[in-house]
Amino acid sequence: MGNRVSREDFEWVYTDQPHATRRQEILAKYPEIKSLMKPDSNLIWIVILMVLTQFVAFYLVKDLDWKWVLFWAYAFGSCINHSTTLAIHEVSHNSAFGQCKPMWNRWFGIFANLPIGVPYSISFKRYHMDHHRYLGGDGVDVDIPTDFEGWFFCTTFRKFIWVILQPLFYAFRPLFINPKPISYLEIINTVIQITFDVAIYYVLGIKSLVYMLAATLLGLGLHPISGHFIAEHYMFLKGHETYSYYGPLNLLTFNVGYHNEHHDFPNIPGKSLPLVRKIAAEYYESLPHYNSWIKVLYDFVTDDTISPYSRVKRHQKGSVVLE
């Protein structure tokens with residue numbers, strides 16, 4: 001099989017934060033970028049349309065044969081639900097209503113969460129802010145796979161299984177890496193979501209409920225859009241921690257592919273990240289990037305030198321302020 005991946009070979013420890021450094025340099029040279037730091041009101045209407053679209057889909061699949069329920073869950077529902085999780089990502093950065101109305105964003109995130117079927121929005125916001133503040137932070141950033149994941153999922157077949165099960169690892173990894181006390185908003189998110197799921201079951205039936213949950217599980221697992229999970233921070237090239245993607249799927253994912261730009265300016269909505277790249281082109285054109293998330297998935301699974309250990313991992317200095 002070639003050289004087996006090991007923790008010693010692929011887990012690097014850096015102390016610098018390249019995104020903060022680049023952000024300071026870009027703002028000093030292009031202060032007009034600050035004008036892009038404002039909410040995206042279109043995001044509100046897009047999210048409402050996506051949620052309503054899934055509501056209609058729940059009704060349409062309720063009497064289909066099971067094979068068609070699962071087919072449409074993967075062919076259609078998975079795209080909508082994965083896109084919705086990335087809308088929640090935007091909302092977690094207060095891109096819907098702005099920084100001055102944080103609770104409006106939290107409630108809107110809970111609304112956007114409904115067709116996903118699993119309470120997600122509030123917890124994601126808490127952990128995602130840690131990801132930005134302490135990128136790769138040991139014991140803080142839950143985007144970093146656990147030691148077990150790196151040790152076990154090290155062959156082509158096991159990495160394939162890991163890709164399929166990504167949503168489960170993202171859901172349970174925080175409990176092992178950085179458990180936090182449950183907040184009242186997380187309880188509200190959970191109660192509202194479970195109430196909605198029960199209502200779907202009693203009003204439309206089991207097939208609509210399975211469609212909803214399968215769309216989420218399949219959409220976040222072995223799916224073209226899921227390539228962004230690996231593309232964003234896995235070190236396909238040593239020394240490069242964050243990668244952008246400039247392919248067509250950005251149209252469905254609120255430009256999450258512009259990931260270097262996003263980490264440099266997390267308070268700029270996704271719709272404006274292409275402008276960041278255009279204004280400060282010399283800072284981004286030389287960075288390695290992708291044009292296909294499908295190829296990223298294929299390379300990750302088949303390349304013996306890449307595994308869940310292929311991440312930069314940092315030991316934190318000083319106090320850590322968690323969300």
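**Note on the predicted model**

1. His-82 is buried, with a relative accessible area of 1%; buried means under 20%, exposed over 50% and partly exposed in between, with a 1.4 Å probe and protein chains only. His-82 lies in helix 4. Helices here are DSSP runs of H or I with at least four residues, strands are runs of E with at least two, and both are numbered from the N terminus.

2. This is a predicted model, in which local features need pLDDT of at least 70 and side-chain atom pairs count only at pLDDT 80 or more, while totals for chains, interfaces and linings use all residues. Residues are numbered from 1 along each chain as its sequence is written, and side-chain values use heavy atoms, with hydrogens and water left out.

3. Helix 3 covers residues 41–60, 20 residues in total, and reaches 30 Å from its first C-alpha to its last, close to the expected 28 Å. The expected span is 1.5 Å times one less than the number of residues. At the start of this helix, a side-chain oxygen of Asp-40 comes to within 3.1 Å of the backbone nitrogen of Asn-42.

4. The buried residues of helix 3 are Leu-43, Ile-44, Val-47, Met-50, Val-51, Gln-54, Ala-57 and Phe-58. Seen down the axis of helix 3, they fall within an arc of 155 degrees, so they line one face of the helix; the arc is that of the directions from the helix axis to the C-beta atoms. They pack against helix 4 (66–92), helix 5 (102–113), helix 10 (184–204) and helix 11 (206–219). The face turned away from the buried side carries the exposed residues Trp-45, Leu-49, Tyr-59 and Leu-60.

5. Ser-41 lies in helix 3 and is partly exposed, with a relative accessible area of 46%. Ser-41 and Lys-238 are 197 residues apart in sequence and 39 Å apart in space, C-alpha to C-alpha.

6. The end C-alpha atoms of helix 9 (residues 166–177) are 16 Å apart, which agrees with the 16 Å that its 12 residues should span. Gln-166, Pro-167, Phe-169, Arg-173 and Pro-174 are buried in helix 9. They cover an arc of only 160 degrees around the axis, which puts them on the same side of helix 9. Their packing partners are helix 6 (121–133), helix 7 (147–152), helix 8 (156–164), helix 11 and helix 12 (227–231). Leu-175 and Phe-176 are exposed on the face turned away from the buried side.

7. The unreviewed UniProt entry places "transmembrane region" at residues 43–61, 150–172, 184–204 and 210–231; its positions are in the numbering used here, feature names are shortened, and annotations may be inferred rather than shown by experiment. In the model, residues 184–204 are 100% helix and 0% strand, with end C-alpha atoms 30 Å apart. Residues 210–231 are 68% helix and 0% strand, with end C-alpha atoms 29 Å apart.

8. The structure holds zero disulfides, a disulfide being a pair of cysteine sulfur atoms within 2.5 Å. Cys-79 is partly exposed, at 24% relative accessible area, and Cys-100 is exposed, at 66%.

Note on methods:
Contact = heavy atoms within 4.5 Å. Polar contact = N/O pair within 3.5 Å; in protein donor to acceptor, adjacent residues only side chain to side chain.
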